[in-house]
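Here is a short briefing on one protein chain. Please keep the sequence and the 3D view open while you read.

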Amino acid sequence: MIITRRAFNTMLSLTGLAAFAGLSPLRFINEAMAQSAADVAKPVSLPDMALGPKDAPVTITEYASMTCPHCAAFNEQVFPKIKSEYIDTGKVRYIFREFPLDIKAAAGSMLSRCIAKDDAPKYFAVTDMLFRQQNDWVLKNTTETLTRIGKQAGLTQQQVEACLKDQALLDKIAADQKYASDVLKVDSTPTFFINGEKIKGEASFDEFAKKINPLLKS
């Protein structure tokens with residue numbers, strides 16, 4: 001699901017986020033481009049949030065939705081092993097990109113961006129917290145719970161409200177999602193690219209290792 005203005009407006013009224021969001025049109029990217037590793041490598045509207053050295057021999061790019069239970073399970077069960085084995089040892093650069101499947105996921109991603117600003121480790125820490133508390137803020141009152149999480153991370157009530165009605169930020173998330181859908185053919189979460197090769201769905205650590213290790217030897 002790509003977030004359009006109509007879907008955005010409809011879901012706002014259902015989630016209690018309407019008071020926080022402006023309703024200007026979203027800006028989308030329309031150019032059709034051939035999919036390639038180079039297409040995956042470049043950020044579009046928002047700067048990449050990444051861990052690991054830029055010159056690492058392997059780059060993994062994950063597209064995830066903050067409300068996706070499979071993404072949350074991967075974050076809890078598989079990502080820590082990848083981080084310990086490959087990212088922390090300088091073998092892998094890991095990039096996380098937002099692909100919100102609904103307005104609640106978009107709000108979660110916006111909050112992560114606002115809290116972290118340009119601090120990638122902080123962004124990953126906040127994203128981890130949101131995944132681990134997914135049932136709380138997705139199934140309960142989204143606005144109140146995200147406000148609480150934002151305050152725990154150091155934002156004021158006013159800063160959280162400003163973040164969740166930041167139309168420019170939402171536009172950029174939507175534009176990057178549109179690019180991923182149109183150019184990279186991402187249509188579900190989580191989706192991963194390992195040096196440009198696509199892997200769809202929640203893969204195990206062993207499946208990642210089978211893809212990564214040959215690339216380290218080449």
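Predicted model: local features only at pLDDT ≥ 70, side-chain atom pairs only at ≥ 80, totals over all residues.

The chain has eleven helices and five strands. It holds 218 residues, and 50% of them are buried. Among contacts with a separation of 6 or more, 76% join residues 24 or more positions apart.

**Nonpolar core**

- In soluble globular proteins, nonpolar side chains tend to be buried together.
- The largest nonpolar core here has 43 residues.
- Which of its members touch the most other members? They are Ile60, Phe74, Ile82, Val92, Tyr94, Phe124 and Phe208.
- Helix H6 gives this core its largest share, six residues.
- Phe208 touches Ile60, Phe74, Val78, Ile82, Phe192, Ile194 and Ala203, with residues up to four places away in sequence not counted.

**Phe124 in helix H6**

- Phe124 is part of helix H6, which spans residues 120-132.
- Is Phe124 buried or exposed? Its relative accessibility is 12%, so it counts as buried, the limit being under 20%.
- Beyond its neighbours within four places in sequence, Phe124 contacts Met49, Ala50, Leu51, Phe79, Tyr94 and Phe96.
- Phe124 and Ile95 are 29 residues apart along the chain, and their C-alpha atoms are separated by 9.9 Å.

**Buried side of helix H4**

- Helix H4 covers residues 79-87, and its residues Phe79, Ile82, Tyr86 and Ile87 are buried.
- These four span an arc of only 75° around the axis, so they sit on the same side of H4.

**Cavities**

- Rolling a probe the size of a water molecule over the atoms shows where empty space is left.
- How many cavities of 30 Å³ or more are there? The count is three.
- The largest cavity holds about 90 Å³ of space.
- Its lining consists of Pro43, Val44, Leu46, Asp48, Tyr63, Arg97, Glu98, Arg113, Asp176 and Tyr179.
- By class, five lining residues are nonpolar, five are charged and none is polar.
- Strand E3 (92-98) and helix H10 (167-182) each supply at least two residues of this lining.

- Pro43 lies in the loop between helix H2 (37-41) and strand E1.
- Its relative accessibility is 40%, so Pro43 counts as partly exposed, the class between 20% and 50%.
- Pro43 touches Asp48 and Arg97, leaving out residues up to four places away in sequence. Asp48 and Arg97 also line the largest cavity.
- Pro43 and Tyr179 are 136 residues apart in sequence, and 9.8 Å apart in space from C-alpha to C-alpha.

- Most residues other than glycine have a negative phi, and most peptide bonds are trans.
- Where is the cis peptide bond? It joins Thr189 and Pro190, with omega at about -5°.
- Pro190 sits in the loop between helix H10 and strand E4 (191-194).
- Lys185 lies in the loop between H10 and E4. Lys185 is not a glycine, yet its phi is positive, about 60°.
- At 49% relative accessibility, Lys185 counts as partly exposed.
- Lys117 also has a positive phi, about 55°, although it is not a glycine. Its place is the loop between helix H5 (103-116) and H6.
- Is Lys117 buried or exposed? Lys117 has a relative accessible area of 61%, so it is exposed, the limit being over 50%.

- Asp119 is found in the loop between H5 and H6.
- Asp119 is partly exposed, at a relative accessible area of 36%.
- Asp119 and Met49 are 70 residues apart in sequence, with 8.0 Å between their C-alpha atoms.

Methods
Residues numbered from 1 in each chain as written. Heavy atoms only, no water. 1 Å grid on protein atoms, 1.4 Å probe; cavity = no way out; pocket = protein on both sides within 12 Å on 5 of 7 lines; lining within 4 Å. Points joined across faces, edges and corners; volume = space filled by probe spheres on them. Nonpolar A, V, L, I, M, F, W, Y, C, P; charged D, E, K, R; others polar. Buried < 20%, exposed > 50% of the residue type's maximum accessible area, 1.4 Å probe, protein only. Arc of directions from axis to C-beta. Contact = heavy atoms within 4.5 Å. Core = buried A, V, L, I, M, F, W, Y, C linked by side-chain atoms within 4.5 Å.
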